[in-house]
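Please read the following report with the sequence and the model side by side. It moves from the ligand to the sheet and then to single residues in loops.

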Amino acid sequence: MPTAVKSVLPVVLLGCGGVGRYLLRHIVSCRPLHANQGVAIRVVGVADSSSLLVADDVNSSGLDDALLTHLCAAKSAGSPLSSLLGQGNYQLFRNPEARSKVIDAATMLGRTTGLVLVDCSATYDTVNLMKDAVGHGCCIVLANKKPLTGAYEDFQKLVSNFRQIRFESTVGAGLPVIASVTRIVASGDPISRIVGSLSDPRDDLGGMDVARKALILARLLGQQISMDNINVESLYPSELGPDAVSTEDFLESGLEQLDRSMEERVKAASSRGNVLRYVCEIGSKRCQVGLKELPKDSVLGRLRGSDNVVEIYSRCYKSSPLVIQGAGAGNDTTAAGVLADIMDLQDLFQKPA
Ligand SMILES: NC(=O)c1ccc[n+]([C@@H]2O[C@H](COP(=O)([O-])OP(=O)(O)OC[C@H]3O[C@@H](n4cnc5c(N)ncnc54)[C@H](OP(=O)(O)O)[C@@H]3O)[C@@H](O)[C@H]2O)c1
């Protein structure tokens, strides 16, 4: 006998780049699994940087799976959402109207069925939409770190109803870092230190992406700080920064220069039996991001490839920290983390028996 649907979660997705498209594919491919659990995810809208595709009647229907699959293929091929002007039970709005249509959906569904607004964009521009959604009683899920790492007041507003926000994928992609920190904090076990390698330096030579992750963790520990308070060591000197040299010149001669000086540091560390790792360190009062010399056989020293690792020290995890390690990036893994976050909200969408 088929399982009765207990929870229907209407979703509006902001951003259908690498992560957003994987999320839509996961939602479609997990339909049978979710149906067995009595859950249905109804994607009522999808937005990119210029448009919003939204179901005709967000109260009762979503965008169908064939359309979602077609949409992913079109975006993968580089076409904007606005190219999808075919037949179907949906409408397309361009900016700036698209933004007000998202707010309309949040206002209407926030009052009735509820809504999960999912941010898989990579911009700070979504922050007001996310705050509005929270104001209308909607749930929010973020893979995008930027709204959580702007002004402290924005962070406060976004997390003001902590049961209705999930942002696991902002730190360590699918790894349960936020959930672990949140559980330890909730248990009254004071966290004294978090140390982590949370980057793929090839993507983030300036260290800002890791700094954002560190800021999210520091704010979760109750520190009312901003990006300005984080000491960030960039892997390139300012004379090789984007304001000083073009990307072409950087790749042609700048990288070679960087490699030489880095090689010397690596050799010096190795002569002491150590390795260099780019780490973030969050203490009770300070937060910093940069290269650190560590013993080869430490948890961080043994790290290979693009794995992430986080060590959490607290009263209960004092001499033996809680260690979370695994793949910390990738569209598939990140999207899986976002989907798990959405599913984690299902109890808030349960139909009355
Ligand atoms: N990939 C990973 O391994 C990973 C891991 C953890 C977290 N994340 C985070 O996940 C997020 C998404 O990453 P990604 O790799 O998918 O980025 P991406 O490929 O650059 O995609 C970003 C998407 O956001 C859309 N967008 C831009 N401005 C928007 C707006 N104002 N409203 C709605 N949509 C908007 C873009 O539209 P267009 O298509 O029109 O340009 C694009 O579809 C980022 O914040 C990233 O830091 C990624």
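How many nonpolar, polar and charged residues does the shell around the ligand have? By class, that shell has 10 nonpolar, 14 polar and three charged residues, where Ala, Val, Leu, Ile, Met, Phe, Trp, Tyr, Cys and Pro count as nonpolar, Asp, Glu, Lys and Arg as charged, and the others, Gly among them, as polar. The structure is a predicted model, in which local features need pLDDT of at least 70 and side-chain atom pairs count only at pLDDT 80 or more, whereas totals for chains, interfaces and linings use all residues. Residues are numbered from 1 along each chain as its sequence is written.

**The ligand shell**

Of the 27 residues around the ligand, G15, G17, V19, S49 and S121 come nearest; a residue is near a molecule if its C-beta atom, placed from the backbone, lies within 6 Å of it. The elements that give two or more residues to this shell are α1 (18-29) and α10 (331-343), and α1 gives the most, with three residues. Helices (H or I, at least four residues) and strands (E, at least two) are DSSP runs, numbered from the N terminus.

**The sheet**

Seven strands form an open sheet with mixed pairing, in the order β4-β3-β2-β1-β5-β6-β7. Because β4 and β7 stand at the edges, each with a single partner strand, one side of each is left without a neighbour in the sheet. Two strands pair if DSSP finds at least two bridges between them.

| Strands | Sense | Bridges | Residues opposite each other |
|---|---|---|---|
| β2 (39-47) and β3 (51-55) | antiparallel | three | V46 and L53 |
| β5 and β6 (139-142) | parallel | four | L117 and I140 |

The helix α4 packs on the sheet, touching β1 (7-14), β2, β3, β4 and β5 (116-119), and its direction makes about 35° with that of β3. Contact here requires C-beta atoms, placed from the backbone, within 7 Å, while axes are lines fitted to C-alpha atoms, for helices over the stretch in contact, with angles running from 0 to 180 degrees between N-to-C directions.

Both faces of β5 are covered, since V116 and V118 on one side and L117 and D119 on the other are all buried, a residue being buried if 20 or more other C-beta atoms lie within 10 Å of its own, exposed if 12 or fewer, and partly exposed in between, with C-beta atoms placed from the backbone. With helix α5 (residues 127-135) and β6, β5 also makes a right-handed β-α-β unit.

**Residues in loops**

V58 lies in the loop between β3 and α3 (65-76), and V58 counts as buried because it has 23 C-beta neighbours inside 10 Å. Not counting residues up to four places away in sequence, V58 touches P10, V44, A105, M108 and L109. The C-alpha atoms of V58 and G45 are separated by 8.2 Å, although these residues are 13 apart along the chain.

A cis peptide bond, with omega about 5°, joins N95 and P96, and P96 lies in the loop between β4 (90-94) and α4 (97-111).

A173, in the loop between β7 (165-166) and α7 (177-186), has a positive phi of about 50° although it is not a glycine. A173 is buried, because 26 other C-beta atoms lie within 10 Å.

P242, by contrast, is exposed, because it has 10 other C-beta atoms within 10 Å; P242 is found in the loop between β9 (231-232) and α9 (247-271). P242 and G206 are 36 residues apart in sequence and 9.9 Å apart in space, C-alpha to C-alpha.

Conventions:
Contact = placed C-beta atoms within 7 Å. Right-handed = clockwise from strand over helix to strand, strands pointing away.
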